[in-house]
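User: I am new to this structure and would like to learn how to read its features one at a time. Could you take me through it step by step?

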Number of protein chains: 2
Amino acid sequence: MAKILAEKALIARFRRLAKGGRTPAIRTGIGDDCAVLRLGGFGSKRRKSATETLVTTDFSLEGIHFRRDWHSPESVGHRCLARGLSDIAGMGGEPAAAFLSLALPRDVSQSWVNRFAQGLLKLAEKHSVTLAGGDAAESPDGILADIIVIGTAPAGKAILRSGARPGDGIYVTGELGGSAAALQYLQKRPSQKNPKSKLNPRHYPRHFFPEPRLEVGRILCKKGLASAMIDTSDGLSTDLAHICEESGIGAEIDSAKIPRAKVGNPAHEVDLELALHGGEDYELLFTVRSSKRIPAKIAGIPITKIGHITRKKKIFLIDSAKNARASRSELRPHGWEHFRK
Amino acid sequence: MAKILAEKALIARFRRLAKGGRTPAIRTGIGDDCAVLRLGGFGSKRRKSATETLVTTDFSLEGIHFRRDWHSPESVGHRCLARGLSDIAGMGGEPAAAFLSLALPRDVSQSWVNRFAQGLLKLAEKHSVTLAGGDAAESPDGILADIIVIGTAPAGKAILRSGARPGDGIYVTGELGGSAAALQYLQKRPSQKNPKSKLNPRHYPRHFFPEPRLEVGRILCKKGLASAMIDTSDGLSTDLAHICEESGIGAEIDSAKIPRAKVGNPAHEVDLELALHGGEDYELLFTVRSSKRIPAKIAGIPITKIGHITRKKKIFLIDSAKNARASRSELRPHGWEHFRK
């Protein structure tokens, strides 16, 4: 938690310090899934472009975002790129190119790097993304990867965090809490009672090989359906708070409606706490004007309405499954901690 | 050296693995100062754009690229961005936006981060570059920064490493070896004989606050003067080898003509070895068709002709200051090691 708060403070500080520098080339900068740039010209001859450029950058750090004893090299490579692609999905954009900065400590084998590259490039190929460059360095400690993804969106159409208005419905793709539940399994030490407590990747592949919701994002963008959007990398409570903050509104969420992931063997539905606060699900959280209809599935992915946007600048959790005096409590963002070594 | 070779091998491996993925959107990828993207459309509607997008990414890692006891926070911030801007300069491009991924260990103070940001943002402002986004994380060990700079160049005009032809003259801006000499001063332990062996930043500010040669690069691009270009971040011998490799040619360099930096107090001209192999000077190394004239200064920066491109795919060092049978030896790229903790 302290970490997340420190990160937030750091981003806020940079945002303040950098705020004087916003030029016409930047439609939105720090504070969205991607920066949106209008690169319509060179020198003084700036031209109007039909396309905006999306840029996102995400660290994957050993011991913070992955562990070599829990995640196969292919999984680390896949997750590394998926983080960036999911940010492009969160804007309704289309990815074009990726850049990888990779710093390796001396103890990493050739085979690890090859398998990491295979995992990353397989996902890149699936989405027609070119690995177009990067940087390589020696790391003083642990594997450090920074992925940059460049994408495009039609001019003015990228779905920002700031477009939600009171009355909008709140929707989420897929299911929540699964990735955090998978981490809980991985963290359990094997015991005599439960000698195989580690999670078999087969029993929740989405943690190891998350599929960014690019197709859903693109359809929402193309059809002009979403008023605001974010990917759920930090957890529902935190990511919804980002939309509320950037849009200057509040929200009411119905806990009975939150689609919870099923994890393990046999599969169990995850606790509400994990669905509310667990990160790295890489689903899409978006808002829709009440006049618009959203199908039950988009591109084969289930879409669930979980609440609505309110004028009051707070987020409340209700439980519609309970009787009239349903419990109603404020939902505060819980920073998502990944895990510790 | 091992490190640099390992990095080269890593980049080469990614290049091979990624080579199938080159799409029409990528004019040049891994293997130049920047990737050059044509982001002229969204979805299937790709349009021809008057502008190309340049993307570069560079790590600045504590203990590899800087040390907190040698470099002030402002210097670390400035150098971090300068690395990326220099890559844009090396393509003749114009920078538009920067992204910073920053991972900090717990022992870094607020004040350090503020001063780091000030150093970075001062340089950004000087070149009208917006800090448009980034990522923040906790670092398991040491400060890790990855800077991404996005720039533009007129379509088809970015100066690649691959355009040099036999007969072209080889030119360099400013002076070489100064940054490596400054590091040598910093590495010397104070002794009884020489209690103040550390370098005062005043006596070679370009090591601490290198100025990327953006204006020179832009003029070379605009006037179509350079056939190939690279920034000298890895040292003359390595960077010239990159041009030779990408262009499929060789070179002959005159050691007597290499402009050597003057460092220290009193200032001494650096050794030839440092001018040949020392990195992080962030000058521009470029080639020019023999029919073209290059002025002695561009944008106030001295330009020196140091040799010419040859058909034979090797690099030779000659010494024109010596008599007829001037020594002629093969110049092999020496990997630039930065320094070790």
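Predicted model: local features only at pLDDT ≥ 70, side-chain atom pairs only at ≥ 80, totals over all residues.

User: With which strand does strand 5 of chain B pair over eleven bridges?

Analyst: That partner is strand 8 (residues 144-154) of chain B, and the pairing is again in the antiparallel sense. As a point of reference within it, B:T57 stands opposite B:I148 in strand 8 of chain B.

User: How should I read the two faces of a strand, and are the residues of strand 5 of chain B buried or exposed?

Analyst: The general idea is that side chains in a regular strand alternate between the two faces of the sheet. In strand 5 of chain B, one side carries B:T51, B:T53, B:V55, B:T57, B:F59 and B:L61, the other carries B:E52, B:L54, B:T56, B:D58 and B:S60, and the residues on both sides are all buried. Because eleven of the eleven residues of strand 5 (residues 51-61) of chain B are buried, this strand is largely enclosed by the rest of the structure.

User: What does the model show where helix 2 and helix 3 of chain B come together?

Analyst: Here one looks at the distance between the axes, then at the angle, and then at the residues that meet. The axes of helix 2 (residues 73-89) and helix 3 (residues 110-126) of chain B come within 6 Å and cross at roughly 40 degrees, which means that helix 2 of chain B is oblique to helix 3 of chain B. Their crossing is right-handed. Among the residues of helix 2 of chain B that take part are B:P73, B:C80 and B:L85, while those of helix 3 of chain B include B:W112, B:F116 and B:A124.

User: At what angle do the axes of helix 2 and helix 3 of chain A cross?

Analyst: In chain A, the axes of helix 2 (residues 73-89) and helix 3 (residues 110-126) cross at roughly 40 degrees and come within 6 Å, and these two helices are therefore oblique to each other. The crossing in chain A is right-handed.

User: How many helices and strands does chain A have?

Analyst: Chain A has eight helices and 18 strands, and 61% of its 341 residues count as buried. To see how its contacts span the sequence, take those between residues at least 6 apart: 82% of them join residues at least 24 apart.

User: Why does A:E252 count as buried?

Analyst: Burial is judged by relative accessibility with a cut-off, since buried means under 20%. A:E252 has 17% and therefore counts as buried. This residue is found in strand 11 (residues 250-254) of chain A, and a polar contact of 3.0 Å joins its side chain to that of A:R328. Beyond its neighbours within four places in sequence, A:E252 is in contact with several residues, including A:I170, A:H308 and A:F316.

User: Where does B:L284 lie?

Analyst: B:L284 lies in strand 14 (residues 284-288) of chain B and is buried, with a relative accessible area of 0%. Sequence separation and spatial separation can be read side by side here, for B:L284 and B:T232 are 52 residues apart in sequence and 5.9 Å apart in space, C-alpha to C-alpha. Leaving aside neighbours within four places in sequence, the contacts of B:L284 include B:A89, B:Y171, B:R213 and B:M229.

Terms used:
Residues numbered from 1 in each chain as written. Chains lettered and ligands numbered in written order. Heavy atoms only, no water. Helix = DSSP H or I, 4+ residues; strand = E, 2+ residues; numbered from the N terminus. Buried < 20%, exposed > 50% of the residue type's maximum accessible area, 1.4 Å probe, protein only. Polar contact = N/O pair within 3.5 Å; in protein donor to acceptor, adjacent residues only side chain to side chain. Contact = heavy atoms within 4.5 Å. Pairing = 2+ DSSP bridges. Axes fitted to C-alpha atoms, helices over the stretch in contact; angles between N-to-C directions. Parallel < 35°, antiparallel > 145°, perpendicular 65-115°, else oblique. Left-handed = near helix turned anticlockwise from the far one by under 90°.
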